[in-house]
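This report covers aromatic contacts and helix packing in one structure. The coordinates and sequence come first.

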Amino acid sequence: MLFCANLLWFDLVTRNTGSSLSGNRIKQLTVGEVELWLPEAILAWAVKSNLAGLQGLEEQIESREEGGRAHLKLREGFQPLLTVSGIGQILGMTIMLETGEIGRFATVGDFASYCHCVGSAKLSNGKRKGQGNVKNGNKYLAWAFVEAANFAVRYNAQIKRFYQRKQAKTNGVVALKAVAHKLARARYYILRDQVPFEVNKAFA
């Protein structure tokens with residue numbers, strides 16, 4: 001919904017004015033500004049309708065996040081999660097609830113696989129020979145680490161450089177999954193050993 005509303009606005013403005021706005025700027029638009037950007041009534045109406053839905057959805061998300069924070073707190077053993085680039089209270093609580101006790105994972109590879117951060121393709125002599133059961137693991141942890149990766153790439157310069165190097169060799173999706181994999185591995189050791197996140201170790 002959020003993506004579609006932003007895409008509609010971007011498409012209409014670009015095609016009709018030759019200009020474009022960022023996603024954050026779109027969220028801040030008033031009805032008056034929409035009418036200035038798109039003086040044609042039918043186009044302005046289409047964008048205003050989508051903006052109303054967008055703003056209503058964001059209010060619901062904020063309300064649910066506030067409710068979650070009011071009734072749920074990170075347990076002491078999970079506090080080091082907040083030192084990981086890209087992980088805040090909501091993602092931290094998601095990871096805590098979906099992981100359980102970190103000791104149930106014998107190795108870091110087991111945990112990364114459970115988070116869907118490891119490819120399941122089976123190779124033989126460099127050729128793909130099928131794949132494992134992609135339904136195994138936890139889709140919520142997979143989502144949480146991809147979200148964390150998005151934030152980490154945006155706000156941590158060292159992680160961004162790692163992402164850009166991977167992207168140059170592959171593509172954006174694969175590069176982002178590589179960041180998510182690194183974060184999942186770091187998170188395993190952080191919880192197992194109760195130590196803070198060290199970006200130089202995780203993204204050396």
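A search of the whole structure, which is a predicted model, finds 6 aromatic pairs. Two of them are set out here.

| Pair | Centre to centre | Angle between planes | Arrangement |
|---|---|---|---|
| Phe105 and Tyr114 | 5.2 Å | 45° | tilted |
| Phe111 and Phe145 | 6.2 Å | 85° | edge-to-face |

Phe111 lies in helix 6 (residues 108-114) and Phe145 in helix 7, so this pair ties together parts that are 34 residues apart in sequence. Phe111 is buried, with a relative accessible area of 0%. Phe145 is buried too, at 0%.

Phe105 counts as buried at 8% relative accessibility. Tyr114 is partly exposed, with a relative accessible area of 22%. Over the ring of Tyr114 sits the charged end of Arg104, 5.2 Å from the ring centre.

One aromatic cluster takes in both pairs: its members are Phe105, Phe111, Tyr114, Phe145, Tyr188 and Tyr189.

Next, the helix packing. How do the axes of helix 7 and helix 9 cross? Helix 7 (residues 139-155) and helix 9 (residues 172-193) have axes that come within 8 Å and cross at roughly 105°. That makes helix 7 roughly perpendicular to helix 9. On the helix 7 side, the contact residues are Phe145, Val146, Ala148, Ala149, Asn150, Ala152 and Val153. They meet Leu176, Lys177, Val179, Ala180, Leu183, Ala184 and Arg187 in helix 9. By class, this contact has 11 nonpolar, 1 polar and 2 charged residues.

Key
Residues numbered from 1 in each chain as written. Predicted model: local features only at pLDDT ≥ 70, side-chain atom pairs only at ≥ 80, totals over all residues. Heavy atoms only, no water. Axes fitted to C-alpha atoms, helices over the stretch in contact; angles between N-to-C directions. Helix = DSSP H or I, 4+ residues; strand = E, 2+ residues; numbered from the N terminus. Parallel < 35°, antiparallel > 145°, perpendicular 65-115°, else oblique. Contact = heavy atoms within 4.5 Å. Nonpolar A, V, L, I, M, F, W, Y, C, P; charged D, E, K, R; others polar. Phe/Tyr/Trp six-rings, centres within 6.5 Å; stacked < 30°, edge-to-face > 60°. Buried < 20%, exposed > 50% of the residue type's maximum accessible area, 1.4 Å probe, protein only. Lys NZ or Arg CZ within 6 Å of the ring centre and 35° of its normal.
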